[in-house]
Amino acid sequence: MKDYKPTVVFDFDGVIHSYRSGWKGPGVTPDPVVPGIAEVIEELREGGYLVVVVSTRCADPEGRAAVESYLTVNGIIVDGVMAEKPPALCYVDDRAILFTGNTEGLANRIKEFRTWVEDPFYYPLPEDIAGENKSNQEPVEKLRPCKGTYWYRSERHDVVGRFHGWGSDYEDFCEEGPGNFSVGIIECDDGTVAMCRADTIVFLDRENGERR
């Protein structure tokens with residue numbers, strides 16, 4: 001396996017092509033390159049990885065030609081362009097959710113999922129993609145208000161702030177053994193960040209938000 005090179009698959013729309021205009025047809029790719037992605041691809045290829053771009057656009061001859069032309073025009077060199085995902089070391093996709101083996105909270109993560117382009121308040125757009133609207137964004141104020149609880153050294157701490165997303169944490173319980181659990185990442189009103197267990201979080205923009 002001396003000549004083996006691990007394959008990394010990059011989605012096209014939303015990862016290379018910024019896709020801020022949405023779907024306009026298989027052969028229409030009007031938006032700029034995501035800043036820095038070309039450098040990442042170049043670094044990987046120089047490091048011995050094979051980089052493959054996958055897009056459902058490529059199921060259509062016009063779409064495949066558009067993807068290949070876009071890469072060429074923007075000076076992005078890859079090892080293949082395909083319509084379906086091949087076996088790979090990993091997949092870089094703006095619509096993927098990392099599955100860690102823990103199903104707790106997964107359904108909610110799926111139901112609440114948005115891409116970085118669809119929700120720039122969670123993932124602020126770079127200046128050359130956001131354009132004139134970037135100066136008007138107020139990321140923290142646009143996040144959902146919530147409250148939650150976490151425990152530190154057996155002490156309970158109740159916090160109020162803005163919800164940033166879901167994550168996971170690990171705790172080594174003395175009697176019950178180790179355990180993974182889902183947490184919500186909250187930016188507190190004092191500027192600190194807390195990781196609160198998912199079942200303690202209450203979103204305050206709902207009618208029943210003050211039930212606890």
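The structure is a predicted model, in which local features need pLDDT of at least 70 and side-chain atom pairs count only at pLDDT 80 or more, while totals for chains, interfaces and linings use all residues. Residues are numbered from 1 along each chain as its sequence is written, and side-chain values use heavy atoms, with hydrogens and water left out.

The protein has five helices and nine strands, these being DSSP runs numbered from the N terminus (helices, H or I, of at least four residues; strands, E, of at least two). From the N terminus on, the order of elements is β-α-β-α-β-β-α-α-α-β-β-β-β-β. Of the 212 residues, 35% count as buried. Where contact means heavy atoms within 4.5 Å, 55% of the contacts between residues at least 6 apart in sequence join residues at least 24 apart.

Nonpolar cores were defined as sets of buried Ala, Val, Leu, Ile, Met, Phe, Trp, Tyr and Cys residues joined through side-chain atoms within 4.5 Å. The largest such core holds 20 residues, of which Phe 10, Ile 16, Ile 37, Ile 41, Leu 71 and Val 78 touch the most other members. At least two residues of this core come from each of E1, H1, strand E2 (50-54) and H2, and H2 gives the most, with three residues. When neighbours within four places in sequence are set aside, Leu 71 is in contact with Ile 16, Val 53, Ile 76, Val 78 and Val 81. Another core, of nine residues, lies apart from the largest one and has Cys 146, Phe 163, Ile 186 and Ile 201 among its members.

A search of the whole structure for aromatic pairs finds three. Rings of Phe, Tyr and Trp (its six-membered ring) were paired if their centres lie within 6.5 Å; planes under 30 degrees apart count as stacked, over 60 as edge-to-face and the rest as tilted. Phe 12 and Tyr 70 form an edge-to-face pair, at 5.2 Å centre to centre and with 85° between the planes. This pair links distant parts of the chain, 58 residues apart, with Phe 12 in the loop between strand E1 (7-11) and helix H1 (37-46) and Tyr 70 in helix H2 (residues 61-73). Both Phe 12 and Tyr 70 are buried. The rings of Phe 163 and Phe 203 are also edge-to-face, because their centres are 5.1 Å apart and their planes stand at 80°. Phe 163 belongs to strand E6 (residues 155-173) and Phe 203 to strand E9 (residues 202-203), so the pair ties together parts that are 40 residues apart in sequence. Both Phe 163 and Phe 203 are buried, and ring pairs join Phe 163, Trp 166 and Phe 203 into a cluster.

The charge of Arg 144 lies over the face of Phe 203, at 4.0 Å from the ring centre; the criterion was NZ of Lys or CZ of Arg within 6 Å of the ring centre and within 35 degrees of the ring normal. Arg 144 also forms a salt bridge with Asp 205, the closest N and O atoms being 3.0 Å apart. Asp 205 counts as partly exposed at 44% relative accessibility, as does Arg 144 at 24%.

The structure holds eight salt bridges in total, each a side-chain nitrogen of Lys or Arg within 4 Å of a carboxyl oxygen of Asp or Glu. In one of these, the closest N and O atoms of Asp 13 and Arg 57 are 2.8 Å apart. Asp 13 sits in the loop between E1 and H1 and Arg 57 in the loop between E2 and H2, 44 residues apart; both Asp 13 and Arg 57 are buried. Asp 158 and Arg 156 likewise meet in a salt bridge (2.9 Å, N to O), but both Asp 158 and Arg 156 are exposed.

Definitions and conventions: Buried means under 20% relative accessible area, exposed over 50%, partly exposed in between (1.4 Å probe, protein chains only).
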